[in-house]
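Hello,

Here is the structure you will be working with. Please look at it once before reading the notes below.

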Amino acid sequence: MAEEKKGYPKIPRNNWFLLREKFKQRTPERVSPSYVATALGMSEASASANIIPPLRAFGLIGEDNKPTDLAYDWRDDTKYAEVCEKIFEKVYPQELRDIFHDPQNIDIKAVEAWFARDAKVGQAAARAYGATFAMLLEADVSKAKEQKAAKPKNGTDKPKAAKTPAPTKKAVPPPIEKTAPPPPPPVVETHGTGGKPVFSPKLHVDIQIHISPDSSPEQIEKIFESMAKHLPLKG
């Protein structure tokens, strides 16, 4: 005959604290799948399969789904640790509680390994059992505030980093082309022509002389004498 698998209650930490917050605001007359689905933003089928059973196992609701006296204490911050301790002792065997009893030093991997062996479940279920075990062992009501700041409702969305806008490139004006100034107008002479304009162009010659720095004064003098001889231009 096959050995029957053991089961332990498991509930996500964010659902645990969000539902507790709903109870603090107003404790429902009956915790129906519809109530849980609306409060936690899930389907009624998921609420009926995953939330209602652990609430019964914890003793927070009865078989009729009505909140118990423990549920009213659960919503009280001053009694939260006491309620967690009662649930902890009710749900888990003495062996497990004896091995893992220090909330400040929880070896979560070892806890998960214990659940995997004892309940004969896979890694995902063992991890869920271990997370619920650690939450009840911690019995820390301040974790509710951390949960609110960290994740909304089901905790699947992560805040997205704001994108830094790319720097805009300034438009660079096209380079201004410099144009040479227009040449001066030709000289028009009118004297001696009866007042009629006569076009009289003038020639302008630039002469560049490159003299070696090694040239002697006599050689330089000879150069200018030759220029005066061969270039009889009027000054």
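**Notes on the structure**

Lys24 is partly exposed, with a relative accessible area of 33%; partly exposed lies between buried (under 20% relative accessible area) and exposed (over 50%), using a 1.4 Å probe and protein chains only. The model is predicted, so to speak of a local feature a pLDDT of at least 70 is needed, and side-chain atom pairs count only at pLDDT 80 or more, while totals for chains, interfaces and linings use all residues. Residues are numbered from 1 along each chain as its sequence is written, and side-chain values use heavy atoms, with hydrogens and water left out.

**Overall layout**

The protein has eleven helices and two strands. These are DSSP runs numbered from the N terminus, with helices being H or I of at least four residues and strands being E of at least two. Along the sequence the order is α-α-α-α-α-α-α-α-α-α-β-β-α.

Of the 235 residues in the protein, 26% are buried. The accessible surface comes to about 17,400 Å², and carbon and sulfur atoms account for 55% of that surface; such areas come from the Shrake-Rupley method with a 1.4 Å probe, and for residues only the protein chains shown count as cover. Among contacts (heavy atoms within 4.5 Å) between residues at least 6 apart in sequence, 56% join residues at least 24 apart.

**Salt bridges**

How many salt bridges does a search of the whole structure find? There are five, where a salt bridge is a side-chain nitrogen of Lys or Arg within 4 Å of a carboxyl oxygen of Asp or Glu.

One of them is between the side chains of Glu138 and Arg13, at 3.4 Å from N to O. This pair links distant parts of the chain, with Glu138 in helix 9 and Arg13 in helix 1 (residues 13-25), 125 residues apart. Glu138 is partly exposed at 26% relative accessible area, and the value for Arg13, also partly exposed, is 26%.

Another joins the side chains of Asp77 and Arg20, at 2.5 Å from N to O. Asp77 is in the loop between helix 5 and helix 6 and Arg20 is in helix 1, so this pair ties together parts that are 57 residues apart in sequence. Arg20 counts as buried at 2% relative accessibility, whereas Asp77 is partly exposed at 39%.

Asp77 also forms a salt bridge with Lys24, the closest N and O atoms being 3.3 Å apart. Because Lys24 lies in helix 1 and Asp77 in the loop between helix 5 and helix 6, the pair ties together parts 53 residues apart in sequence. Salt bridges that share partners join Arg20, Lys24 and Asp77 into one network.

**A buried charge**

Arg97 sits in helix 7 (residues 94-99). Leaving aside neighbours within four places in sequence, Arg97 is in contact with Phe88, Glu89 and Tyr92.

**Loops**

Most residues other than glycine have a negative phi. Lys120 is not a glycine, yet has a positive phi of about 55°. Lys120 lies in the loop between helix 8 (108-118) and helix 9 (123-138) and is partly exposed at 42%. Ala139, also not a glycine, has a positive phi of about 50°. Ala139 is in the loop between helix 9 and helix 10 (143-150) and counts as buried at 18% relative accessibility.

Val121 is found in the loop between helix 8 and helix 9. The C-alpha atoms of Val121 and Lys6 are separated by 8.9 Å, although the two are 115 residues apart along the chain. Lys79 is in the loop between helix 5 (69-74) and helix 6 (80-91).

**A surface patch**

Ile209, Ile211, Ile223 and Phe224 form a nonpolar patch on the surface, with about 300 Å² of accessible area together. Patches are made of residues with over 30% relative accessible area and no salt bridge, with like charges joined within 9 Å and nonpolar side chains (Val, Leu, Ile, Met, Phe, Trp, Tyr) within 5 Å. Ile211 is in the loop between strand 2 (198-199) and helix 11 (217-230) and counts as partly exposed at 33% relative accessibility.

Regards
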